Amino acid sequence: MTITPASSAFPSAFAAVDLGATSGRVILGRVGPDNLDLTEAHRFPNTPVRLPDGLHWNLLALFQGTVDGLRKAGRSGSVVSIGVDTWAVDYGLLDADGVLLGSPYHYRDSRTDAAAERVWPRVGPEELYRITGLQHLPFNTVFQLASAAGTSQLRAARTLLLIPDLLVHWLTGSIGAEATNASTTGLFDARTGTWSKDLLDRLSIDAGLLPPLRRPGDPAGSLLPHVAADTGLDPSTRVVTVASHDTASAVAAVPATEPGFAYISCGTWSLAGLELDTPVLTEASRAANFTNELGVDGTVRYLRNIMGMWLLEECRRTWEAQGLPTQIPALLAEAARSPAFSAVIDPDDPAFLAPGDMPERIREHCRRTDQPVPGSRGALVRCILESLALAHRRTLRQAAELAGRDITHVHLVGGGSRNDLLCQLTADATGLPVVAGPTEATALGNILVQARAAGLVDDLAAMRRLVASTQHLRRYTPRGDGAAWDAAAARLTPARTEP
C-alpha cells in the first residue's frame, strides 16, 4: 500500500519520531529526486525515573514530547505520514482493556542481573542462539520477561508492545510488532523471521502476548481523533511502520554505494558489523557474542553491541555535577594533546553498564589492570576514545572472519560521526578508510522508508544513493603506526562473552 502525498510547497514532508536513550526528537524530512532535507521540529529530554521498584522510562513525558513535536511539525508544512523509531528490547504491558500496566522498565535496571539463570535450564545458551541468533545481553526481552515471571503485572497482561509499537498504538489505536525490533527480543526465530512458538512454549510465555508482525513500509493506521486534535494534523495522516529499531533505521541510511562496506552506528552504543543476506548461527559466532538482527528488506544486521559514547556522556554527567566544564570541543582538544595509549579499557566490561561515577570506575579499572591512572579529564577522554576505536577494530575483524567477508571501508554514522578524533582513531585502529556521516542517520532511515511507502524512492540501494549524494560526509585515511595499535590491543584482557 502506498501513500499519496498531500499537495503543498513541499509535497513530500515526512515526520520522524526518533527517541534515543537521552533525548527525543521530531524531525521533518522533505524528499525529492535530488534532495533530502531535514528540519528539527522539536527536541525534548528523555530522563529515566527511579522508583521504589527500579529504574523506569518516563514514557508519558516522551509521548507528550512526541505530540508537541508533531504539532510543531504540522506548522512547518503538510505532513504526509509519521514513523516512530526508538531503542530496542524494552516493552510496555497492556491489560484486557488496553490500559498500560505501570511504567516500562529501563534496560539498565538491575532486575535482570540473574535472569539468564532462569532461562538456561529450559533453553540452554547454545540452543537459544541457534534459534534467535541473538547476542547475549542480560537485558534482552527474553530475560526481562523471565525476571517478571510470577508478578501480578505479567499475570494481568494481555498484550506486550515494544516501545515504538506502544507509541504507534497510542497514536493510532492499532496493535502490531515491527519486525526489526522484534528480532532483538530473544523470542524471534532468525531463520523463519517469525515469533518462535517453540521458545515461547518452553519458556511458558503466552504466545497471545505477542502481536502480529509488521514489516518496514507497512501501514499502521491513521491518527486517533484526539491525537489529530492535539497536534492539529489532518485526521487522515497516516502512521507508517518504519524500521522501528533505531539501529535498523540508521543502517538503512548508511551511504554505501560500493560493496565491501562495514558500518558503525555510533551513539550511546556503538553497533559495529556487516549487512548480510542470511544469519550466521555458528557456535563460533555465539562464542564471539555476535547478533543477527533484521534490517530493511529482510537483510541481516550482523553486529555486536559495544558500549559507545555512553562512557563519555556518563563522565560528563559526573563532571557537570561537580561543577566542572563539560563542553565537548574543549574535552576533545585536551584529549588530542594527551599521550597516546597511556591506558586502555574494554568498553564492554560489565562494570561500565550501570549509571554512576564513570570517571572513578575507569580509574579503578586502570588500577586493577596495573595501567597508569588517567590524571586529567583529557587523558581520561583519550582513554575512552582509543578504547572504543580498539573495540571497533576487534569487532569488525571478527565479523569479517565469522561471516567470510572482506571489508574495504567503514561507514561511521550517528552522533559519533561528529567526533573527528574518534573517527580518525577508528581509521587508524582498523587500518581502513572511514566515511563519517550522516549524523542523523536514524531519522534519515525513518524518513526514507516512509518516502518509499509513498512511492518516492525505489529500493534500499536508491535510498542509500540519495543519502550519499545529498548529505555532508567526511573521509578519514588511516595514519600512524599500526604496530602501536597491535600492542595496545594486546594489553586488553579479552572480555568474557560466552555465557
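Me: How should I read the open sheet of seven strands, and what is its strand order?

Reply: Seven strands make up this open sheet, ordered E17-E18-E16-E15-E19-E20-E21, with mixed pairing. Its edges are strand E17 (291–294) and strand E21 (474–476), each of which pairs on one side only. From one strand to the next, the twist averages 30 degrees. Two strands are taken to pair if DSSP finds at least two bridges between them; the elements themselves are DSSP runs numbered from the N terminus, with helices (H or I) of at least four residues and strands (E) of at least two. Before going further, please note that this is a predicted model, in which local features need pLDDT of at least 70 and side-chain atom pairs count only at pLDDT 80 or more, while totals for chains, interfaces and linings use all residues. Residues are numbered from 1 along each chain as its sequence is written, and side-chain values use heavy atoms, with hydrogens and water left out.

Me: Which helix lies across strands of that sheet, and how do E19 and E20 pair?

Reply: Contact here means heavy atoms within 4.5 Å, and angles run from 0 to 180 degrees between N-to-C directions, the axes being lines fitted to C-alpha atoms, for helices over the stretch in contact. Helix H16 (residues 420–430) lies across strand E15 (261–266), E19, E20 and E21, and runs at about 45 degrees to E21. Strand E19 (residues 409–413) is joined to strand E20 (residues 434–436) by three bridges in the parallel sense, and within that pairing Leu412 stands opposite Ala436 in E20.

Me: What is the strand order in the six-stranded open sheet, and which helices pack on it?

Reply: The order in this sheet of six strands is E3-E2-E1-E6-E14-E13, again with mixed pairing. Strand E3 (35–45) and strand E13 (219–222) are the edge strands, each pairing on one side only. Strand E6 (residues 81–85) and strand E14 (residues 238–240) run parallel and are joined by two bridges, with Ile82 opposite Val239 in E14. Helix H17 (residues 441–453) lies across strand E1 (13–19), strand E2 (23–32), E3, E6 and E14, at about 140 degrees to E1. Helix H18 (residues 460–470) also packs on the sheet, where it touches E2 and E3, its direction making about 85 degrees with that of E3.

Me: How do I describe two packed helices, and at what angle do H14 and H15 pack?

Reply: Two packed helices are described by the angle between their axes and by the distance between those axes. For H14 and H15 the angle is about 75 degrees, and the axes lie 11 Å apart. H14 is therefore roughly perpendicular to H15. Pro359, Ile362 and Arg363 of H14 make the contact with Leu380, Cys383 and Ile384 of H15, and these residues divide into five nonpolar, no polar and one charged. As for the terms, angles under 35 degrees count as roughly parallel, over 145 as roughly antiparallel, 65 to 115 as roughly perpendicular and the rest as oblique; Ala, Val, Leu, Ile, Met, Phe, Trp, Tyr, Cys and Pro count as nonpolar, Asp, Glu, Lys and Arg as charged, and the others, Gly among them, as polar.

Me: How many residues of helix H4 are buried, and what covers them?

Reply: Buried means under 20% relative accessible area, exposed over 50%, and partly exposed in between, with a 1.4 Å probe and protein chains only. In helix H4 (residues 141–148) eight of the eight residues are buried, so the helix is largely enclosed by the rest of the structure. The cover includes strand E7 (91–94), helix H2 (116–119), H3, helix H5 (152–156) and strand E8 (159–162). Just after H4, Gly150 adopts a positive phi of about 85 degrees.

Me: How many salt bridges does the structure hold, and which residues pair with Arg286?

Reply: A salt bridge is a side-chain nitrogen of Lys or Arg within 4 Å of a carboxyl oxygen of Asp or Glu, and the structure holds 23 of them. Glu126 forms one with Arg286, the closest N and O atoms being 3.9 Å apart. This pair links distant parts of the chain, with Glu126 in helix H3 (residues 125–132) and Arg286 in helix H11 (residues 283–287), 160 residues apart. Arg286 also meets Glu283 in a salt bridge (2.8 Å, N to O), and Glu283 and Arg286 both lie in helix H11, three residues apart, about one turn of the helix. Arg286 is buried, at a relative accessible area of 3%, whereas Glu126 is partly exposed at 34% and Glu283 is partly exposed at 40%.
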